[in-house]
Amino acid sequence: MSLVAFWFLVALHELEHLMWDGLPQTLGWDAPPWWWPLPLLLVAGVTVGLVVTHLPGAGGHIPASGLHTGGISPKALPGVILAAVLSLPLGATLGPEAPLIALGGGLALLFRDLAQVPATARGTALLGAAGAAAAVAVIFGSPLIAAVMLIEVAGVGGPQLFAVMLPALLSSGVGSLVFTGFGRWTGFDAPSLSVKVGVPLPRLDAGDVLWAILMAVAIGVVVHLIMHGGQLTSRFVAKRPVVHTALCALAAGVCAAVYALTTGRSPANVASSGQGTLSQLAADPHAWGVGALIAVLLCTGVAYSLCLGSLRGGPVFPSLFLGCAVGVLLAPLPGLGVVPAMAAGMAAATTSALRLPVSSIVLVVLVLDSVAMTPVVILAAVVAFVTTQLLQRGSAVPPVGGPGEAPTARPPASGASGSV
């Protein structure tokens, strides 16, 4: 499972490099022109709509419904892989974590069937979680994040917690070793999520804490609206999957084109998972002007909402980028430092998108590669979680579902296991 996930990530990375670097340079451009996302995302929308309509499993779960554990049926694996390959390298504002979870869980069940092991509900849940942890171990930069996230997504406790935790920890550890070894042996790059902060880490003070609370409330409200917009988009797409998926993907491409036209920067800052742009922003936050930050926040937020309900991928990476961008934008506020603002923003945005506070805290702390910001990370995550929970209770959200997918009325990634 780890080997397959490694080559899957390598393939996504190479295809993205080809589409956004190699092909434009072959055609005579140093960088993608402003209109580049339009044809790519139109193709993505049409082809993903066809996959959703005609292949088993509908290309995997709708990203707007959050992350889920549990293995998909082996016959749905081709559709999941194809939908991810058609979405992510062509400019979807989504990450690869959800397809990886589906891939790992589905392969685990496939191996079980090949070995003719009797299928039980408990065994299916354990195999799905272990396979998913093995697949996503390195994309988050640490096997610990994969294990914690899969445990929290599964929503189990008591004795069941250890039943899921042990295979998830073991699988994520093995997956981390496999990814590291094959990356060194083959020379191929399967990049993991990591951030090198280009400014000194400050000592936290009262201003950082106060602003972290206020930021978390505001980010919680905004990300809740983005996720709700993704759910509305998914219901719009369900009416005519091919046509409406193409329209939503094209609209996301328009967001990237508008950003490129207004800022002079690459449209890939919006038409991507945000992983590369996040690294650039964290390494040199002062290189981004206020106008560029506002433009990337607005355009990425709208594109993210559109892609959440139409294309296939995961919600983690774009939420991290949006939180980091908000932090950099608000860092000039009196008493607020750049690094605490980024840490609080990433924690609040990720928690609001996933409804997984523990996973979000661990993710942000390890991605920043420092425990110095842990207090504001925890504070922002808790405040954002409470904010989004209150908003969720106040708004009755109809079930999200699509062709081949059972509707679910629960909040994104809030506890029960389901299919990816």
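In which hand does α8 pass α11? The structure is a predicted model, in which local features need pLDDT of at least 70 and side-chain atom pairs count only at pLDDT 80 or more, while totals for chains, interfaces and linings use all residues. Residues are numbered from 1 along each chain as its sequence is written, and side-chain values use heavy atoms, with hydrogens and water left out.

The crossing of α8 past α11 is right-handed; a crossing has this hand if the near helix is turned clockwise from the far one by less than a right angle, and is left-handed if anticlockwise. Helices (H or I, at least four residues) are DSSP runs, numbered from the N terminus. The axes of α8 and α11 lie 7 Å apart, and the packing angle is about 40°. Axes are lines fitted to C-alpha atoms, for helices over the stretch in contact, and angles run from 0 to 180 degrees between N-to-C directions. The two helices α8 and α11 are therefore oblique to each other. Angles under 35 degrees count as roughly parallel, over 145 as roughly antiparallel, 65 to 115 as roughly perpendicular and the rest as oblique. On the α8 side, Ile226, Met227, Gly229, Gly230 and Thr233 meet Gly301, Tyr304, Ser305, Leu306 and Leu308 of α11, where contact means heavy atoms within 4.5 Å. These residues divide into five nonpolar, five polar and no charged. Here Ala, Val, Leu, Ile, Met, Phe, Trp, Tyr, Cys and Pro count as nonpolar, Asp, Glu, Lys and Arg as charged, and the others, Gly among them, as polar.

Helix α8 also packs with helix α13 (residues 338-354), the axes coming within 8 Å and crossing at roughly 35°. This crossing of α8 and α13 is right-handed. Residues of α8 in the contact include Asp208, Ala212 and Met215, and those of α13 include Pro340, Ala341 and Ala344. By class, the contact of α8 with α13 has 12 nonpolar, three polar and one charged residue.

A further pair is helix α2 (residues 37-54) and helix α9 (residues 241-263), with axes 7 Å apart and an angle of about 155°. That makes α2 roughly antiparallel to α9. The crossing of α2 past α9 is right-handed. Among the residues in contact are Pro37, Leu38 and Leu41 of α2 and Pro241, Val242 and Thr245 of α9. The contact of α2 with α9 comprises 16 nonpolar, five polar and no charged residues.

Pockets were located on a 1 Å grid over the protein atoms alone: a pocket is an open set of points where a 1.4 Å probe fits, with protein on both sides within 12 Å along at least five of seven lines, and lining residues have an atom within 4 Å of a point. Grid points are joined across faces, edges and corners, and a volume is the space filled by probe spheres set on the points. The largest pocket holds about 690 Å³. It is lined by 31 residues, of which His13, Glu16, Ser272, Ser273 and Gly276 are the closest to its centre. Two or more lining residues come from each of α1 (2-26) and α10 (275-283), and α1 gives the largest share, seven residues. The lining of the largest pocket has 14 nonpolar, 15 polar and two charged residues.

The second largest pocket has a volume of about 300 Å³. Of its 16 lining residues, Val222, Ile226, Leu297, Leu322 and Val326 are the closest to the centre. Helix α8 provides the largest share of this lining, six residues. The lining of the second largest pocket has 14 nonpolar, two polar and no charged residues.
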